[in-house]
Amino acid sequence: MPVSGWVVTLSDRPASRAAAIRWIDQEPRLERGVISGQRMAVVADTTHAAADRELWSQLESLPGVVMIEVAFIGFEDDDDSDDTAAPTAISLHRPADRLLQTEQTESASHGP
Amino acid sequence: MDPKRRAFLKTAAMAAATSAVNSRTQAQPPLATTATAALPPSAADGGGLQWHKAPCRFCGVGCHVQVGVDEGRVVAVAGDRHADVSKGLLCVKGYHVGSILYGSDRLTQPLLRQGDEFVEISWQQAIDVIAERIARAPDRFAFYGSGQWTIAEGYAAQKFMKGGLGNNHIDPNARLCMASAVTGYLATYGVDEPAGTFDDIDACDVLITWGNNPAESHPVLFSRAIDRPAHGVKGRAQAARVIDLGTRRTRTSELASEFILLKPHGDVALALGIMHLLISESRYDRTFVEQFCNFRALQTEQPTLQGEPISFAEFSRRLQAYTPDRVAELSGVPVEKLRELADLFADRSVRITSVWCMGMNQHTQGTAVNSLVHGLHLLSGHFGRPGDAPTSLTGQPSACGTVREVGTLAHALPGGRLVANEEHRAQCEELWNLPQGRINPKPGYDTLRMFAQFATPSSEGGDIDTLFVQVTNPAQSLPNINRLMPTERPMDKFLIVADVYPTATTQIADLVLPASMWVEKNGMFGNSERRTQQWFKMIDPPGDARDDCWMTIAIAHRLFELGYEGMRDRNGEFIFAVKDGDGQTVPVWEWEHYYDTNVDKALFEEYRRFSLLKHKNLAPYEEYVSARGLRWPVVQDPDGSWRETKLRFVAGEDPFVKGDKRLDFYHSTTQDGRAQIWFHDYEAPAEMPDEEYPLWLSTGRVLEQWHTGSMTNRVPQLHTAMPIGYVEVNPSDAEALNLRSGELVVVESRRGAVELPVWIQGRGTPPPGSVFAPFFDQSRLINRVTIDARDPFSKQPDYKKCAVRIRRRRDGETFE
């Protein structure tokens with residue numbers, strides 16, 4: 001259920017900047033706030049952590065967005081909290097064992 | 001979630017983001033002076049959260065966060081607009097710092113190895129086991145700590161070892177990341193830590209990153225350089241010109257104004273080449289040098305960190321060997337670029353800040369190159385004005401505050417004291433109220449030696465039998481771990497590990513202790529700009545996890561109960577006795593009473609007395625409660641307020657510069673108020689590519705993961721963004737080797753091998769003939785491959801240069 005407050009640095013190219021703002025306005029999970037200079041406050045409200053991350057990546061990839069920084073995150077009741085859960089402390093298995101099981105799908109979009 | 005609660009969180013998120021936008025475009029608000037002023041603007045709107053300040057748990061930048069707590073659980077994190085360092089912003093790791101508390105596999109109970117199994121034991125049993133092993137052979141016990149120790153944790157460990165056991169075998173993991181920075185400062189100024197602060201990044205015209213990737217390793221700090229217009233920095237509206245000097249193209253290179261590719265060890269040659277041009281063309285700052293500098297070089301035989309004096313003429317003569325053509329050959333920097341850099345340093349109208357981190361520190365000439373970059377700034381007069389500063393960065397939150405200032409290195413004592421110095425030992429014994437002669441004059445084992453001795457059978461001279469590791473993960477982070485941290489070790493050795501999650505090190509431990517982390521305990525950190533920061537415990541740790549500081553005190557008290565003399569002071573009292581307001585001893589060694597008083601405050605106030613011994617003055621504890629950190633030396637003004645210091649050694653800024661001097665290096669090793677400009681000859685790296693192992697390997701960090709990944713891998717967003725280790729290969733090498741992205745290859749050196757997927761044109765791009773691998777992935781330990789060659793003075797190993805080959809897996813070959 002992440003609720004995040006972001007500071008988006010916009011491009012100084014008018015067309016790209018305007019396109020980025022339009023994209024934000026049309027994205028229902030984003031709420032636009034104050035713009036000051038090149039910087040704009042944005043709140044993201046998504047259903048789960050992976051969606052939050054995906055939305056971040058989409059926004060970051062826009063030509064009119066130079067950088068996104070974070071000012072706030074609420075992660076109460078985050079239903080993805082066990083995504084990387086390792087086995088219990090008693091067994092002391094490596095958490096990376098879990099990473100290996102998921103790497104093929106994840107790395108396709110995020111890594112080598 | 002309750003819709004009202006969700007609406008509240010959205011309001012708080014917008015308020016925090018708006019505040020961050022505005023705080024970067026308007027004058028900064030004053031530091032909060034009351035707890036109420038510290039709250040985010042919407043905290044009183046009803047969501048029921050309690051907000052508290054804390055520094056981030058990760059790197060050495062020391063961003064402050066606001067932590068939202070509800071019913072004993074951290075549920076929100078916001079940037080802290082009152083924090084000078086971060087001005088309301090956080091990087092992607094800081095943003096998720098609250099989630100590191102809640103991985104499902106937190107260690108919650110002491111575990112003792114019995115055969116191949118771990119069994120749960122009580123804390124009483126665990127403390128007994130440790131105390132009995134120490135009592136049996138106190139001189140064969142070693143303590144390995146961390147730049148993530150809080151100040152109180154490091155101070156307690158240090159006092160326990162050096163003041164209690166008379167044993168100096170204590171060293172921190174910071175030996176692996178900033179020891180060469182320490183020796184560089186000591187050799188140049190006679191005292192450790194930067195003269196400048198992060199404010200120089202706001203004030204400079206040119207920022208030079210020497211083998212440093214702050215866009216990934218220190219992102220909020222780097223944003224201050226490249227996002228200056230939005231910072232509203234007065235008088236410096238233009239973004240800094242960033243010149244990135246490196247052996248690999250990184251995210252910093254992409255954001256820099258210019259990237260200059262160096263050969264490995266090219267930094268040494270480059271600094272020498274620039275100095276040669278400045279002198280040979282009479283463009284150095286003669287007035288500055290004549291007033292404030294001496295010249296120095298290593299002795300021909302048995303060189304020491306102190307070196308020997310040389311004349312300016314001799315210094316100039318030695319530099320003559322570093323002609324532009326030769327420097328171009330050694331460094332890979334074209335002659336015209338070398339001249340451009342010399343022109344830049346010759347221009348006193350621009351302000352130049354140099355920053356560096358692992359590239360210059362993890363270097364077999366780490367002391368040399370640190371000293372040379374300081375010398376370059378001194379020779380050119382780019383020192384002592386806002387924006388003119390050579391400044392090292394640190395990778396851990398308290399590598400400076402705990403390791404360097406508290407003095408948890410094997411040769412050091414608190415307050416810049418040295419175990420080998422009789423007067424210093426006497427000072428510490430006096431302040432600790434210990435019998436004369438309690439402190440051992442012989443420096444203990446540095447990190448690499450400590451682990452080598454632990455890995456060696458006692459019968460073969462391995463004289464460390466019991467090793468206690470707190471707050472770090474050496475089985476993943478040491479270099480050449482097949483030698484220094486083998487999974488099979490002699491039977492008579494005993495490894496104790498305190499940590500928050502299972503790690504590569506807990507896997508091979510004999511006793512595992514569950515630790516509290518971050519806001520589950522009181523704490524103080526000291527960041528890279530001399531800023532001491534404080535926070536209070538906000539929530540309880542899970543299960544039976546406990547504070548590292550408590551563990552040390554409990555072990556010490558068990559030894560006290562066993563009659564171990566070292567745990568008593570001159571009056572026969574326990575060395576960690578903490579008194580309440582009535583003068584009664586609080587039994588803080590019993591966990592149920594540990595928070596009856598503020599042990600952090602008691603230890604800090606004791607430690608603070610040491611800070612006065614080397615002009616690193618700290619303020620009383622309560623001053624840090626209301627501030628977002630204060631940069632030492634902190635002195636009291638006549639009106640009773642406490643004042644921090646932005647520029648050390650500079651008149652009008654540094655309270656210890658007296659008289660009419662513009663600058664005074666008052667810890668000068670030549671005792672004349674002057675800094676030392678060093679000459680060091682270029683030396684080749686310890687291992688170079690050859691026919692058998694034709695590629696350079698460099699290792700390092702990535703934005704989303706922090707160090708060995710033991711915390712960040714528990715955060716789904718961070719893990720998903722960077723799930724596995726990899727090896728970056730240059731496209732031309734990949735073509736020659738017929739490699740494609742995603743293909744698994746074996747990266748192999750003379751010391752070991754690891755299997756990694758190839759990444760071509762990935763996060764960074766190494767030059768042809770060079771590969772890069774991050775070290776965060778526990779399932780792919782790149783440190784099986786790295787070399788343990790080290791700097792002779794700092795004892796810091798070089799993780800950035802060794803020779804490897806890439807091949808495909810052989811039939812039947814397996815990798816751990």
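Begin by selecting chain A of this predicted model, and follow its elements from the N terminus, where they run β-α-β-β-α-β-α. That makes 3 helices and 4 strands in chain A, and of its 112 residues 54% count as buried. If you display the contacts in chain A with a separation of 6 or more, residues 24 or more positions apart account for 68% of them.

Next, select chain B and colour it by pLDDT: the mean is 93, and 96% of its residues reach 70 or more. Over residues 25–46 of chain B, however, the pLDDT is below 50, although this stretch has 36 contacts in the model beyond near neighbours in sequence. Where pLDDT is low, the predicted coordinates should not be read in detail.

Now turn to the charged side chains, where the count comes to 62 salt bridges over all chains. Select Glu728(B) and Arg248(B), whose closest N and O atoms are 2.7 Å apart in a salt bridge. Glu728(B) lies in strand β29 and Arg248(B) in the loop between β9 and α10 of chain B, so the pair ties together parts that are 480 residues apart in sequence. Glu728(B) is buried, with a relative accessible area of 0%, and Arg248(B) is buried as well, at 10%.

Move on to Glu748(B) and Arg805(B), which meet in a salt bridge at 2.9 Å, N to O. Because Glu748(B) lies in strand β30 and Arg805(B) in strand β33, this pair ties together parts of chain B that are 57 residues apart in sequence. Here Glu748(B) is buried, with a relative accessible area of 12%, while Arg805(B) counts as partly exposed at 21%.

Technical notes: Residues are numbered from 1 along each chain as its sequence is written. Chains are lettered from A and ligands numbered from 1 in the order in which they are written. This is a predicted model: local features need pLDDT of at least 70, side-chain atom pairs count only at pLDDT 80 or more; totals for chains, interfaces and linings use all residues. Side-chain values use heavy atoms; hydrogens and water are left out. pLDDT is the predictor's confidence in each residue, from 0 to 100. Contact means heavy atoms within 4.5 Å. Helices (H or I, at least four residues) and strands (E, at least two) are DSSP runs, numbered from the N terminus. Buried means under 20% relative accessible area, exposed over 50%, partly exposed in between (1.4 Å probe, protein chains only). A salt bridge is a side-chain nitrogen of Lys or Arg within 4 Å of a carboxyl oxygen of Asp or Glu.
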